[in-house]
Amino acid sequence: MPPSKRGRKSRPSSAVDTPASQDPREGEPLTSFKTAGISNLNEVAKPFKNTEYASSRRWRNLKQVVAQEQASGDWPVDFPAYWAADAPPSLLPQKKYCDITGLPAPYTDPKTNVRYHSAEVYRVLRALPQGTEQQYLALRNASVTLK
Amino acid sequence: MTEEGNGVYEVVDGSPEPESARPSFDFATMGRGGVPLVIDNGSDRCRAGWATEQDPRLEFESLAARYRNRKLSADQILLVGGSVHSDPMAKASIRSPFDSGVVTNFDAMESILDYVFTVLGCVDERVDQPIVMTEAVCTPYTSRRNMSELLFECYNVPSVVYGIDSVWSYYKNTGSLATDGLIVASGATASHVIPIYDARAHTEHCKRINLGGTSMDEYLLKLLQLKYPAFPVKISEWQTRDLVHNFVYAAEDYDKELGCYLASENLAHKDVTVQFQFPMPTLDERTEEDIQRVADRRREQMKKMHEMAARKRQEKIEQRVQELEELTALREGREEMDADSFAQQLQDLGLESERELYDAIASAQQVVDRAQTKELGLEPEEKGPPTFPLVDVPDDELTSEQRQEKRKQVLLRAGHEARERARVEREKEKARLEEVARLDDERRLNHFDEWLADLKARRSETLARIEERRAHHRELNDRRSHASQVRMRNIADLAAGESAAPGGKRRRRSTDDDNFGAEDDDWNIYRDISKKEDAEVVEEDEAELEGYNRQLSLHAPDYLESLDRAARAGIENTIMYRFTDGCEQAILDKPAAQQKADNAAIVARVAREYQLHLNVERIRVPEIIFRPGLVGLDQAGLLETIDGILRRTGSRLSLVNNVFVTGGGFSQVPGILGRLERDIRSTVPAGTPIMVRRAADPLRDAWRGAALWSTREADAFRSSSITRQDYLEFGGEYLREHGAGNRYRTMPRGASLGPQ
């Protein structure tokens, strides 16, 4: 475990392994806040924070945040909202590439839907353990998921 | 960039050391002048420092871990930045404030800001600094509202300016926003294209492709896991990141380059061998001399053992002789002693009667004689064929005792004759084999070519037989194969033919016996339906092959090697082999020519098991930004997106004369500039001036640009600062617009962001 070098400037050698409960206002503002080589930020006084501040916010992932925001009102069409900035689906024809090797794929296996480059790759495809073809399909998000 | 050559790349091991922050203790002095505190809040790394300085004071990974480790502390531990990797216990609790480039986890964000202000040395009651902070393009209002709430209520900052990192990077590299341009910015999880004209960033025309640096890492990792399903070690995220960083590049013409990527002339300099750490195999380090010495010692020991055995044998013989002498003495002395003492002596020797004494003497004599002749190295003298005198005498001429004896002799004679016959048979076979070998030798000496051709033919015949059996066996494992079906039919037939239905009615039409078993071949059916390979036949063929190989290696050593070479070439020329093993020499399962394995070869062999080859992946991985369909993302590629933006901004061709690539992720990929230029040229009218360039420092220029902008554009800075007053009056999502920032509209009527 590499020791963090933080705070070394302030106290060259004695800094290691001193659980710092010192008031940072006395002397150097940043004494080492290390315990056994780990820099624990909780052991430093943070006078700049408002002690009364306690957020009631809940953590939500971006999808939820955006969905809620989008549904919450009539946003103008031309407003640069997060969802409006998403690049639209491609209108160009998509070239097909071999799922196994990545080479151009003129063929598709009708049984598994895996695209393949040549008869040789097809032999490999046939010999794949069961389920592996789904992993290959999952690469391009085309796998069949059973619900 | 494509000329890494054939060298073996040794992949990094473990995570990098956390970078050390340069702590600053002049917060007060810097702060008193009202110098803005600039925070480039990137989704991968956070950078913070004073606007008047050249470089950020702090740069660390945007990660925080809040966890407990009883060994270290009774209370909760909070780690921020690279040090989250310093304690393995923290691993499960590592959190990033970001989700797809937007801050959503404000607990982690709070930890990160705590860290920033602590390390910058803030010891006042509040953070009394104007803050300049980057935010994502088109940040959702909820995210900004939470951020403002955090800054104003938790840290009590006086004001904040939000802006877009890549636009500030553009500002740093262009000197102003007055020049038209097109920003292509890539991050850890998303990439943006932002047009700049009329001296501001037009976020209403900006488009985002949800792919970034980590998308490449993930894609490569998945590809490698599928390419080497039996790879002996786990490929860590650091290693994947390292490989992406070092070896991927954007192909100028993807289809053209892809088409001939695995061709031998390209593979040699495009394939990269990546070596992972591997355990050293145990090696036989002895020299010839050592081996010789060990053999000598063993020989010496054998000699000693032999001597000892001989001595023991001698002792035994002597003992026997003594016994014999004792017994003979007893017999001789029989005359002189009375019956009682004789019986007593017999008993002492463990004998019951006088007759047993004679038997004992005879057998002892025999043992001694045999031992002595053997000791002298003499052949046991030929006794001559045993005679059976009574066999031919008619029974009625014999006494009952003799008749019994005769019966014994008849049996003995039969046994004797059978042995004789077998011996003659053996000798004949030996002679025949010798004759065959002699003829073979003769033929070899006189008609070598013919002999060799014949040998080769026989060898390939055997090989074909073995191969055929293997193929058959393989087929049997597939339930639907022809071989399996034949087998099932046979089983059904056998069952139908032999089991009688109740009521005595046979299932088969013919009621009479089908003569199964009349011919020996009938029984082969049971061998056929057996799924197991016939071990005897297999062994026979293997032995035969071995014999042919021995002969060939004696008399035509080149032939076997040429066979191996051909076999290797056959493997090496396949696309799949080149794909997984690059230009390495193929390892044959069963090489025809025997190779002596020296230590270097053994190590190389083990090392190869821990090797990866990157070839097609090198261009396949970064290609996803141009074809998001490769990873199943239903979005337009980078070029199509740029094209769309050009159209919607009224075909401002001035934009393509200043395409500015910045940020991490795809911006770091070598060859991306050339690729972009080539692709853009294909969509704009011929002769349009095109210029694509990368930021001087794609990673740090966003911070520097923000710092520069906030000191140089003092008016813009002042007018776009959101003060505490604004926050209280207009809400957390409120934004004062400026050229390098997002747009703001008041929330549409009826809109609410719900409970926070």
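## Domains of chain B

The C-alpha centres of domain 1 and domain 4 of chain B are 53 Å apart. Domain 1 covers 213–275 + 617–694, and domain 4 covers 448–499 + 516–555. Chain B also holds domain 2 (288–375), domain 3 (395–446) and domain 5 (561–609). These bounds come from an automatic or database domain assignment.

This is a predicted model, in which local features need pLDDT of at least 70 and side-chain atom pairs count only at pLDDT 80 or more, while totals for chains, interfaces and linings use all residues. Residues are numbered from 1 along each chain as its sequence is written, and chains are lettered from A and ligands numbered from 1 in the order in which they are written.

## The six-stranded sheet

Chain B has an open sheet of six strands in the order E4-E3-E2-E10-E11-E20, with mixed pairing. Helices (H or I, at least four residues) and strands (E, at least two) are DSSP runs numbered from the N terminus, and two strands pair if DSSP finds at least two bridges between them. Strand E11 (residues 159–164) of chain B runs antiparallel to E20(B), and two bridges join them. Within E20(B), B:Ile722 stands opposite B:Val160.

Helix H23 (residues 701–712) of chain B lies across strands E2 (37–41), E3 (45–50), E10 (130–135) and E11 of chain B. The helix runs at about 150° to E2(B). Here axes are lines fitted to C-alpha atoms, for helices over the stretch in contact, and angles run from 0 to 180 degrees between N-to-C directions.

## The three-stranded sheet

Another open sheet of chain B has three strands in the order E1-E16-E17, again with mixed pairing. Its edge strands are E1 (8–10) and E17 of chain B, each pairing on one side only. Neighbouring strands of this sheet are turned by 30° against each other on average, direction ignored.

E1(B) and E16(B) run parallel and are joined by three bridges; B:Val8 has B:Thr273 in E16(B) as its bridge partner. Strand E16 (residues 272–275) of chain B runs antiparallel to E17(B), with four bridges between them. B:Val272 stands opposite B:Leu614 in E17(B).

In a regular strand the side chains alternate between the two faces of the sheet. Strand E17 (residues 611–614) of chain B is covered on both faces, with B:Gln611 and B:His613 buried on one side and B:Leu612 and B:Leu614 buried on the other. A residue is buried if 20 or more other C-beta atoms lie within 10 Å of its own, exposed if 12 or fewer, and partly exposed in between, with C-beta atoms placed from the backbone.

## Strand E5 and its two partners

Strand E5 (residues 64–67) of chain B pairs with strand E6 (residues 77–80) of chain B in the antiparallel sense over four bridges. E5(B) also pairs with strand E7 (residues 94–95) of chain B, antiparallel over two bridges. B:Ala65 has a bridge partner in each: B:Leu79 in E6(B) and B:Ile94 in E7(B).

## Helix pairs

In chain B, the axes of helix H13 (residues 448–477) and helix H16 (residues 535–555) come within 10 Å and cross at roughly 150°. That makes H13(B) roughly antiparallel to H16(B); angles under 35 degrees count as roughly parallel, over 145 as roughly antiparallel, 65 to 115 as roughly perpendicular and the rest as oblique. The residues that meet include B:Leu455, B:Arg458 and B:Ile466 in H13(B) and B:Asp541, B:Tyr548 and B:Leu552 in H16(B).

Helix H5 (residues 213–227) and helix H6 (residues 237–247) of chain B pack at an angle of about 105°, with their axes 9 Å apart. H5(B) is therefore roughly perpendicular to H6(B). Among the residues making the contact are B:Met216 and B:Leu220 of H5(B) and B:Thr240 and B:Val244 of H6(B).

## Chain A

Chain A has three helices and four strands, in the order β-β-α-β-β-α-α from the N terminus on. Of its 147 residues, 29% count as buried.

A:Tyr53 is in the loop between strand E2 (38–39) and helix H1 (62–71) of chain A. A:Tyr53 counts as partly exposed because 14 C-beta neighbours lie inside 10 Å. Apart from neighbours within four places in sequence, A:Tyr53 is in contact with B:Glu153 and B:Cys154. Two residues are in contact if their C-beta atoms, placed from the backbone, lie within 7 Å.
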